[in-house]
Amino acid sequence: MTISRRDVLMGGAGLAGAAALPMLGSTPSLAQALPKFDPEPGASLRLLRWAPFVKAEEDAWLANTKKFTEKTGIEVRVDKESWEDIRPKAAVAANVGSGPDIVWVWFDDAQQYPDKLLDVSDLAKGLGAANGGWYAAPEAYALNNGRYVALPLATIGNAIIYRDSWVKEAGFSEFPKDTKSFLELAKALKAKNHPMGFTLGHGVGDGNNFCHWVLWSHGGEMVDDKGKVKINSPETINALKYARELYQSFIPGTESWLDVNNNRAFLAGEISVTANGVSLYYAAKNDPKLADMAADMRSVNLPIGPVGKSVELHQTTSACIFKYTKYPKAAQAYLSFMFEPDQMNAWIQGSQAYCCQTLKAFASNPVWTSNPIHAPYAKASETLRPNGFAGPLGPQSAAAMADWIVVDMVAEAATGQRSPEEAARRAEQRASRIYRG
């Protein structure tokens with residue numbers, strides 16, 4: 001097994017206790033529901049995945065991969081790239097017809113080149129039947145015209161992480177549940193020299209998650225349910241005005257942040273509040289020098305805006321097999337093995353609440369109740385609203401996401417580069433070019 005590229009942030013803890021997990025997620029229908037794949041003679045595989053934010057998550061995946069190799073004799077090379085590099089590298093592989101056999105993609109990236117991906121419908125349907133069914137939103141990312149072009153692998157939950165003592169110092173006994181009070185907290189924290197910081201740059205996870213929340217919480221949408229562009233709306237303008245006001249309380253420079261920057265700022269004590277995966281907590285918890293910070297950290301779902309309900313984008317990752325692979329049966333056998341209860345539960349446990357299950361049977365994994373800070377992340381697959389809302393997922397929603405239309409719009413308005421009205425018009429023009437077809 002080959003490991004390459006760099007880690008983004010090391011999360012720490014090992015896999016203690018994973019081997020002792022009960023057989024969660026298994027059902028009597030497992031053997032009957034799953035198709036069998038006889039790997040091609042001499043098969044070997046290459047997997048391209050994103051670099052981990054929680055080291056124990058990667059360790060669990062590699063341990064499971066080693067088990068697969070020991071069982072089948074099939075060597076699996078696991079490469080990794082930074083989060084921002086996965087999307088272009090996967091697209092290049094799809095277009096040139098060579099590269100990794102399997103790739104972990106983000107959001108609806110698979111919808112950009114569905115004809116280049118192996119149809120894994122039989123495997124996906126079998127896994128769903130054996131494990132309580134797929135959660136609807138992660139499943140939607142993997143479906144193209146009724147066929148599965150990917151397997152929904154995980155939803156990486158996004159939630160507010162904050163310093164409890166600093167929030168109390170700012171005069172708030174509990175964290176605000178609505179956007180109006182959230183803005184008041186931001187101002188109070190800035191006055192205490194404890195600014196907030198949210199990613200407004202091209203962070204695949206944190207930038208998209210935050211900016212879509214800003215848009216959706218105020219009732220804005222990229223398109224309507226028929227795919228007609230409606231991002232330039234009064235609701236969007238109100239969202240951008242809110243973003244502009246909120247930005248005044250941010251630490252400077254968030255418009256250039258990628259996924260790692262808010263982690264670094266929080267761990268350095270430069271910001272009091274951000275939105276992130278649970279990996280941020282474990283980065284502090286596993287560092288003896290940050291023990292006091294970890295004890296002071298809390299998590300909560302993002303505030304509810306004028307729309308009146310929780311609307312959150314969580315990062316999703318799906319596993320795709322390229323059609324050009326020489327070993328399609330071996331690739332499906334590998335992924336089928338990784339979704340078996342022993343392996344999947346060990347991976348979810350190893351991820352320390354970072355990777356939320358996409359199959360309902362695995363919701364009973366004990367990781368979700370092992371620490372109160374996990375609570376906002378436990379139902380990420382259930383509460384996920386897919387990007388491109390309220391229209392269907394497909395090549396157009398994927399292109400709009402890959403072109404950073406929502407992120408750029410929010411960043412332009414928040415920083416004052418454009419007025420809210422100008423930012424919304426520019427986003428409308430960019431989206432219309434994509435959705436025209």
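Me: What is Phe182 in contact with, leaving aside its neighbours within four places in sequence?
Reply: Contact means heavy atoms within 4.5 Å. By that test, and leaving aside neighbours within four places in sequence, Phe182 touches Ile160, Phe175, Pro176, Met196, Phe198, Trp213, Tyr242, Leu246, Val273 and Pro303. Bear in mind that this is a predicted model, where local features need pLDDT of at least 70 and side-chain atom pairs count only at pLDDT 80 or more, while totals for chains, interfaces and linings use all residues. Residues are numbered from 1 along each chain as its sequence is written, and side-chain values use heavy atoms, with hydrogens and water left out.

Me: Why is the pair of Trp134 and Phe339 called edge-to-face?
Reply: Rings of Phe, Tyr and Trp (its six-membered ring) pair if their centres lie within 6.5 Å; planes under 30 degrees apart count as stacked, over 60 as edge-to-face and the rest as tilted. The structure holds 26 aromatic pairs. For Trp134 and Phe339 the centres are 5.8 Å apart and the planes are at 80 degrees, so edge-to-face is the label. This pair links distant parts of the chain, 205 residues apart: Trp134 is in the loop between α4 (121–130) and α5 (136–142), and Phe339 in the loop between α13 (328–338) and α14 (341–350).

Me: Are Trp134 and Phe339 buried or exposed, and what is the cut-off?
Reply: Buried means under 20% relative accessible area, exposed over 50%, partly exposed in between (1.4 Å probe, protein chains only). Trp134 has 7% relative accessibility, so Trp134 counts as buried. Phe339, at 3%, counts as buried too.

Me: Which rings are linked into a cluster?
Reply: Ring pairs join Trp50, Phe53, Trp61, Phe68, Trp83, Trp104, Trp106, Tyr334, Phe337 and Trp347 into one.

Me: What makes a charge sit over a ring?
Reply: NZ of Lys or CZ of Arg has to be within 6 Å of the ring centre and within 35 degrees of the ring normal. Arg163 lies over the face of Trp166, at 4.1 Å from the ring centre. The charged end of Arg87 also sits over a ring, that of Trp404, 6.0 Å from its centre.

Me: How do you know that α4 is largely enclosed?
Reply: Helices (H or I, at least four residues) and strands (E, at least two) are DSSP runs, numbered from the N terminus. In α4, 7 of the 10 residues are buried, so the rest of the structure largely encloses it. Among them are Leu123, Leu127 and Ala130. α14 is mostly covered as well, with 8 of its 10 residues buried, including Met344, Trp347 and Ile348.

Me: Why do β2 and β11 count as edges?
Reply: Two strands pair if DSSP finds at least two bridges between them. The open sheet runs β2-β1-β3-β10-β6-β11, with mixed pairing. β2 (75–81) and β11 (355–356) each have a single partner strand, so one side of each is left without a neighbour in the sheet. Inside the sheet, β6 (residues 151–156) and β10 (residues 315–321) are antiparallel over 5 bridges, whereas β1 and β2 run parallel with 7 bridges.

Me: What makes the protein as compact as a globular one of its length?
Reply: The radius of gyration is taken over C-alpha atoms, and the globule rule is 2.2 Å times the number of residues to the power 0.38. The protein has 18 helices and 11 strands. Its radius of gyration is 21 Å, close to the 22 Å from the rule for 437 residues, so it is as compact as a globular protein of that length. Of those 437 residues, 60% count as buried.
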